[in-house]
Amino acid sequence: MSERYYRTTRARETGTQVTTGHADDMGLDRGEYNGVELTRWYNLCEVHGCIVGHQTLALAKSFAAAPTEWCEDCRYAVEVRYVAEVRAELEQS
Ligand SMILES: [Zn+2]
């Protein structure tokens, strides 16, 4: 069974590009342990180069929409933006 998926999508929460794909296509390790492939699918943050592995494509697809869950730099960028927004609001009031 050869299931292939390789797609770059834009995550709404950060506005950054995330590539989701099979470990083989990404040139990454399947992370096999006792015959079970633990990281068959991967997300790659195209901005920060951060990667995270998943066992199923469904999981990888769901995490593609939420890079702040697994990319520290994305999380930081969103926090900085949030603080700036709050500060701007406070200055207006
Ligand atoms: Zn990132």
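**A guided tour of the predicted model**

Residues are numbered from 1 along each chain as its sequence is written.

Next, trace the chain from the N terminus: the order of elements is β-β-α-β-β-β-β-α-α. The radius of gyration is 16 Å, well over the 12 Å that the globule rule gives for 93 residues, so the protein is more spread out than a compact globule. That radius is taken over C-alpha atoms, and the rule is 2.2 Å times the number of residues to the power 0.38. Along the principal axes, the C-alpha atoms fill a box of roughly 60 × 25 × 20 Å.

Now select Ala11, Val18, Trp41, Tyr42, Leu44, Cys45, Ala60, Phe63, Ala64, Cys71 and Cys74, the eleven residues of the largest nonpolar core. Such a core is a set of buried Ala, Val, Leu, Ile, Met, Phe, Trp, Tyr and Cys residues joined through C-beta atoms within 7 Å. Buried means that 20 or more other C-beta atoms, placed from the backbone, lie within 10 Å of the residue's own. Colour strand S5 (41–45) and helix H2 (57–64), each of which supplies at least two core residues; S5 gives the most, with four.

Terms used
Predicted model: local features only at pLDDT ≥ 70, side-chain atom pairs only at ≥ 80, totals over all residues. Buried ≥ 20, exposed ≤ 12 C-beta atoms within 10 Å, placed from the backbone.
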